Every structure is written in C-alpha cells, then in structure tokens.
Amino acid sequence: MTFDLRAILVLGLAALPYAALLAARWRAWALLAGSVLAIYWLQPPLPIRYADFILPTATLLLTVASWWATRKPGDARQAGTRREDLVTLIVVAALVAGLSLMRFVEAEYRITVSRPPDPLGLVAGLAIAGAALGAILWLAQKRGPERGLAVVGLLVIALFVILKTEPLAAAVGAWWRSLTGQDISLASGADLNWLGFSYVAFRLLHTLRDRQAGILPALSLREYVTYVVFFASYTAGPIDRAERFAGDFRVLPIVKGPDAGRFLDGLTRIAIGLFKKFVIADSLAQGLSLSVASAAQADSALWLWVLLYGYAFRLYFDFGGYTDIAIGIGVLFGIRLPENFDRPYLKTSITAFWQSWHMTLSNWARFYVFTPLSRWMLTRSWKPSPALIVLAAQLATMIVIGLWHGITWSFFAWGAWHGVGLFVHKQWSDRTRRWTRGLSARPGHKRAWTAISWFATLQFVVIGWVWFLMPDVQQAAQTMLRLFGLGW
Amino acid sequence: MEETTDCTDATDEEVHEIRDIRVIRGRILAAAKSRAMTGLHQQGKSEPSTTWRFVLGVALKAALLFVACNVVFAALEPLETLGAISLYNRIVPGRERLPYGENPAESYNLSLYNIPAMIASHRVAQPKAPDEYRVLIIGDSGTWGWLLDNEDTLAGQINAGGYVTADGRRVDAYNLAYPIMSLTKDLMLLDAATRSVHEPDLIVWPVTAESFPRDRQLTPPLLHNNASRVRALIDGYRLNLDASDPRFVEPDFAGRTIVGQRRALANLLRLQWVGFSWAATGIDRAIPGEVTLRQSDFDQDLSWHDYKEPVRLTGDDLAFDVLAAGVARAGDVPVLIVNEPMYVSSGRNSNLRYNSFYPRWAYDRYRELLAEAARKNGWRYLDVWESIAPEEFTDTPVHLTPEGAAQFAQRVAAAILETANE
C-alpha cells in the first residue's frame, strides 16, 4: 500500500468522524495514533522477512531517540509535558505491539502489508533496541547534550547514506537476508525501500540542528512524533518545520470541528491534486515522457525535446499533485502543511525557480547548508572572495538537494548544474541590475526581456532534468548532446 | 502557547540564522492561532459564510452533472466516434501496423478493442496518393510481424522492394494484420478497413490452417468486445457461427456509462499518449532478448483441435464460409488469398507432424480443401506453404525471421504485380 487512490479515500473519509464525532481534546491523540498506524499501512511490501514491519518500527524508535536528544530538560514547558510524554510512549508502544498481534489475523483484515513478527520477539527486540539506543544516548549526553544530538544526527545521516547509495543498500540487504536465511544473491537496494525515510530524516535533522542552535521550542513527545510521521506528509512531504507544525497541533482543540469552509478547502485541494497526479501526470507517463529507454531509442532531436518536456511536466504534476493531496488531507484534519510549489515553470530566473520548486526542501537546504556554510566561510581568517563563497555555498546546497534524491553521480551532476546556474544568475543579476531596472521605463522591452528570461530559465531547468532522469552521467551527457543534434 | 527559546548555546555565526528562523516561527504561530480561532484554513480564500448547506449544494450539483454526463454518454455510445478522432497522422505519424501490445512502457503500443481508433492510428487512414497502388494486408501474428521490426514485416519488405505496377503506380502495402489466429477476426478487420480506408486496390489475405477451425473463430477478445460488428457479419453473410455466443460482451446501461467504459476511454487516451514515444523512436513492439525456438521434435500425437484421431475433414469443418464472406465483402476490390509459409520439421516424429501446430493429415487435407475452394470460387490463390527454409522460423511454426519474411515478400510481391498488371 502506498499513497494511492484507496489510501487517499480512506484518509479523506476518516476526516469526517474525526471532525464531526471526536471530542476536540482527543484530536491530537487521534492524529498521533492515526499517523503511527499509517506508517505501517502505507509501507510497501519488502522481500526481506518482516522488513516491512521492522522499518516503520525503526522510524518510531529513531524518532523517539531524536526527541529525547532534542528535549530541553530545564524548560518549564518541557517539564510540564512529562506525564503526557509517558502516556505517548505507552500509546506508541501499545500500537506497535497491537499491530504485531495482526500476525494472528487473516491477511485480508490486517493493516500491515505482510504478516508481522512474533509479538514476544518484537517486544524483546524493541526493549533491546530501545535500551541500546538509550544507553548510547545516555553515555553521549553525559559528555554534554551536544554529544547526544551529534550521535542521533550521525545515525540519521548514516542510515540516509546507506539507503540512498544503491551498493550500500544492497550490501545491507544481503547481510539482512543472511540473518533471515534468505537468498543473498537476490539482494538489491529495493530490499530497503523504507517508505518516507527521506522526509523523516530531514525532519529529524532539522530538529536536531535547531536544538543545537538553541532555537527549537520545547516539544512534547506527542507533538514530535506526530510532526515526524504525520500521515498526510509522510510519503511525499512537504518537509514542514517542527515549530510551525506544533503551532497548528496545539490549537487543534479549538479548531472548529465540522467546519464547512475547511472541508471545502481541503476537498478542493485534494481534487486538484488528484487531477494533477492521476490524470495529467499519469497520462504523460504513458508515453509522452522521456524514459531511460526512450532517450536511447529516440531517432530525432525534435522528438527528444518533446519527450523531455513531457517528462518535465510529468514531474511537476506528479509531485505537485501529491503535495496538493497532502495539503488537502492536512487541512481536513486541521493541519495546514506548507506549500511546496508556486508555478515554478513560469519563473523568469533560476533563483525564482528554486524559490518555487520543492520549496520546503530548498528552504531546508538554505537553512542548514547554505547559510551556515557561507557564514562559516565569512568568519574564517582565510576568507575567500564573496563570489567564491557564493559559488561554494550554492554548489554545496544544490548538491545536497541532488543527493537527497539518491547518492549517484547523476544526481550530483544535477545538483551541480543548478548550483552553477544559481551562481551565474547571481553574478548576472548583480551586474545588470541597473539595466534591468531601466527596462521599467520601456514596457515593450521589459515584456520582451521577461519572455526571454522565462524561456531561458525553462530551458535550463528542462535540460537539467536529463541529469535527474538518467542513471549515469555518461548517458545523461549523451542525451544532452543528442538534444542539440550531436552524437546521433 | 508561550515558549521560551534558549540561544545561549548558539555560536556567533548562527545568530543571524536564529533571528531569521525566529521571525518566521513567530509569524507561523500567529497565523496558526488566527486560523484556529476563526475556524478557517485559508484566510482570504474561504469566505467565513461558507456553510454546509453551500458545500452540500455544490456536491449535489456536481453529482447531478456527473450523472447527467454519464446518462448522455450511455445514450449516445460515442466511443467509436471518439476513436476516429486521433493524434495519429496529424501530430504524430500513423502507425505501420495495428496497435497491439501488453507492455506499453516497453513497446510504446497497447491492445484495445476500439476498431475505429485502431484504424485511425494507422497510416492507412491517410488519403491515397494519386500514384499509389494501395494493398491492404490482413492476417495473423506472422503477417503482423511478431518479433519483427516494421521494416522486416511482410508489408515492410514489400514496400522496401520499391515495386511499381505496369501503369507506373508504386505498390504501397499496409499491414492490417492482428496477432490472433481467426478468420472471423480477419473478416471483421477487412470489413472495418474497407469501410474507412480510401480506395484499396488489392487485399492480400495470408491464411494458415490454424485460423480455420470453427472453435477458433470467436475466441479473440477483440471479437467479444465488438459484438455488434461480428453479429452483423454473421447475420449478413449467414456464417456458420453462433451469434449468441455467451462470450460476446453486451454492456448494460451502467456498463455503457463513462464509469462503465472508463477502461475503454483510458485506453483510447493511452493510445494517443504512446503515439509520442512511437513518433520519437519508431518502436511499436518489445522484442525479448532471447527467443525460444519453435519445437522440432514431437510426441506421437495426431490430434488437432477437437480431433483426437485423423478424420477426413470436409469444407464444413473449416470456416470456408468466413473466407468466402471476406472475398464477398471486398466487392470489386480483388482479394489475393495466400496459404502462408510454415515451418516443416525434420525432427522426431516429423513423419506424423509438420510442426507443433499441425499433424500431417490435418494440414494436407486443409491444403486440398483450400485449393479446391479457390478453384471452385475463382479466388486468386497463392500457396507458398513450404517455400521458406526451416531455419527462417522463430518461436512458432508461422513466425518468420527478417530473411524469411523477405523471401515471403518476394513471392507475394510477384503475385501483387501479376494482379495489378492484369
């Protein structure tokens, strides 16, 4: 089960009793419980025995550990939620244990994708894993709270790198298969298809980093877990900010329950998302979209361009559609998730494009890569030139965004392509600012320049998708040459 | 809602970043409070006056509109009309053969049941050129070109030959075969093609014994899903076939609505979309890397369809009435019937069987009956059953290699020119 039509329908329908029947004070608990259950329900089946149960459980373990590391022990609010935190821990553990009881239920009545592991074994495993993680954290925190944050952060980054690097993921898959007595020769990266982990990891890193910087507000365990695994944004984002999410979460009890306006907003947004994803994007995917195979098979540059444009629009409508659905579902449950897209293909500069494409990811990278890196370079004794600082920071930021999609050379190249593009645009706009301002006095010229800028930006972005699509740099470069009539 | 944030552990260079984030956070929390208090989630977009009455009114109107569209759709049954509207031959080039494919992602092709859409997607839907001698080729998977690229099919090889008739017209062959063995399927496509195709000069109809048994005639799902077309042919030509075959799909009113026909509508759209990949690549089939060759050794098996032992087949046992209906349906357009080449084995028990399809007794009798029917009815007939060397067959006894198809095409082209020059 992934975020398909059935899941969207179930979540949409669940909003009705949630809003109309549930007492307001139980809403936050309902979102917590619903989110915990949903991560098991949405997880696709995995070939390794029990992996599709263990990975969502690991998400919860990691989330609790991360919350523990980001707690503010001296904070009055943090201290005030101790009882709630304990209840939350019990609720989450009970839900996981309860889900494992589905082992004894017929397959058609399970919400887990496969037969869960033995409950006793699960409880023992959870206790051991929890104790081990707790001990590591305790030992680290004894040497200062920073160490605890660093340990969890490094663990999240290590897991992220393993999952996003095909050979590493395959090696871990082979090791895991050896433990379960399964055929090692069948191991692949797909063995570890850990649903939503890309988003979970960046949410966790955001809270860990903000805690390091001292700007993360005190969050209860219930708020924290629901923020990280909130069902609407679990599979395809957006990457919300914890304090923003907590703002909505805390006022849930005073949100009007069966509010017609909210439901109209939410359902309209879901309908728009469904149309974008399941009508436009899926239609484009049927044949009007470049694929690795068709890029090699195309016999003319013109049609290669047509398919590449199809791919560009497919990506936008697919991801944009999912975002609309996520936002719409969030609205139904009283959580306003942040926007992720703002007509990106209509922007007239690459900078504006990145302010409107996957905005929550680019904001994350701006906060946690660009700003710290550029400030760090600015404060060095060997301070490089401003242009070099901008180039390095932009390259690093965009390469991180690229590698977030997968640790491959082609995603690296895609990130570098945009990093260089942003740098060149910055240099260009710095040098032509007076000239472009002067265009205001000549509306015709301004319109023409806007059209040229839009066209150039769109071409740059669309050509860049070749890096994104192709499995390796060589094929990407070959396809790019063929777009321009070379290498046929 | 009040929170305290502790910046004391922040480094100097992080202070600006912290300020940025604090400002954002403050705005976010204020907005969340505001939304919660008003019960709105998109300030300025939703009117505070939005009520359930309004929402239910919108839902009711939408539902009524949806029902009305479905009722009109069911009443008009516009699928075939919609099928004739095509991006092919306008925005993307027409296909070289009829759409067929189970894996659109690889073959850039798909199977559907909408005959007008299938023909509209074919280059045969283009107007006939003044100097063209238009040849329509119908038939089974061997003629369609299973495991072959378009240029290697029978039609492709004929066109590559650059044949010209005595009066200077260039022979242009159109592949209207479809990969299922049934003469009734051929007849239905011939009927559809002659209705919509511009002035064919000749119809070439390669056949093999496997297309003749009565039990094969109504097997293809393409026929089940075009029940009215098949019934009209059965009734019109008094074919010895069951017009009330339970496999015919007869949708009820609900089945004729947009909801009921959603799969057919989706396929119609899908056919248009895959046209772009077809245009870009010229590929319309997925050829597997490894092909298992046709069987050469056989058990001592003399059965063929319902016949466990050899019998003396008669014309009524095979669907010669369907073949005759095809020739009649073509009207003034000449029809060249071709007994297509097949693999002749020399392996174990090849004294009993020619190949995995045919025991010798059945095929020999079929050839006798076909030759006799052609002679009696004055049909143009070409028998090339063992004209191709055994090594030129691929996975079945009737699927040819490019070289085999080229040899077959030479024989057919000679017969085409003979007919054209009469």
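Which residues in H16(A) meet which residues in H17(A)?

## Helix pair in chain A

Leu361(A), Ser362(A), Trp364(A), Ala365(A), Arg366(A), Val369(A), Phe370(A), Leu373(A), Ser374(A), Met377(A) and Leu378(A) of H16(A) are in contact with Ile389(A), Ala392(A), Ala393(A), Gln394(A), Ala396(A), Thr397(A), Val400(A), Ile401(A) and Trp404(A) of H17(A), contact being heavy atoms within 4.5 Å. By class, this contact has 15 nonpolar, four polar and one charged residues; Ala, Val, Leu, Ile, Met, Phe, Trp, Tyr, Cys and Pro count as nonpolar, Asp, Glu, Lys and Arg as charged, and the others, Gly among them, as polar.

Helix H16 spans residues 359-378 and helix H17 residues 386-404 of chain A; they pack at an angle of about 145°, with axes 9 Å apart. Axes are lines fitted to C-alpha atoms, for helices over the stretch in contact, and angles run from 0 to 180 degrees between N-to-C directions. Helices (H or I, at least four residues) and strands (E, at least two) are DSSP runs numbered from the N terminus.

## Basis of the model

The model is predicted: local features need pLDDT of at least 70, side-chain atom pairs count only at pLDDT 80 or more, and totals for chains, interfaces and linings use all residues. Residues are numbered from 1 along each chain as its sequence is written, chains are lettered from A and ligands numbered from 1 in the order in which they are written, and side-chain values use heavy atoms, with hydrogens and water left out.

## Sheet in chain B

Chain B holds an open sheet of five strands in the order S2-S1-S3-S4-S5, with parallel pairing; two strands pair if DSSP finds at least two bridges between them. Strand S2 (170-175) and strand S5 (380-383) of chain B are the edge strands, each pairing on one side only. The twist averages 25° from one strand to the next.

S3(B) and strand S4 (residues 335-339) of chain B run parallel and are joined by five bridges. Val207(B) stands opposite Asn339(B) in S4(B). Helix H8 (residues 183-196) of chain B packs on the sheet, touching strand S1 (132-137) and S3 of chain B, with its direction at about 165° to that of S3(B). Helix H14 (residues 320-330) of chain B also packs on the sheet, touching S3 and S4 of chain B, and its direction makes about 170° with that of S3(B).

## Leu202(B)

Leu202(B) lies in strand S3 (residues 202-207) of chain B. Leu202(B) counts as buried because its relative accessibility is 0%, buried meaning under 20% relative accessible area (1.4 Å probe, protein chains only). Not counting residues up to four places away in sequence, Leu202(B) touches residues including Tyr133(B), Val135(B), Val333(B), Val335(B) and Ile416(B).

Conventions
Buried means under 20% relative accessible area, exposed over 50%, partly exposed in between (1.4 Å probe, protein chains only).
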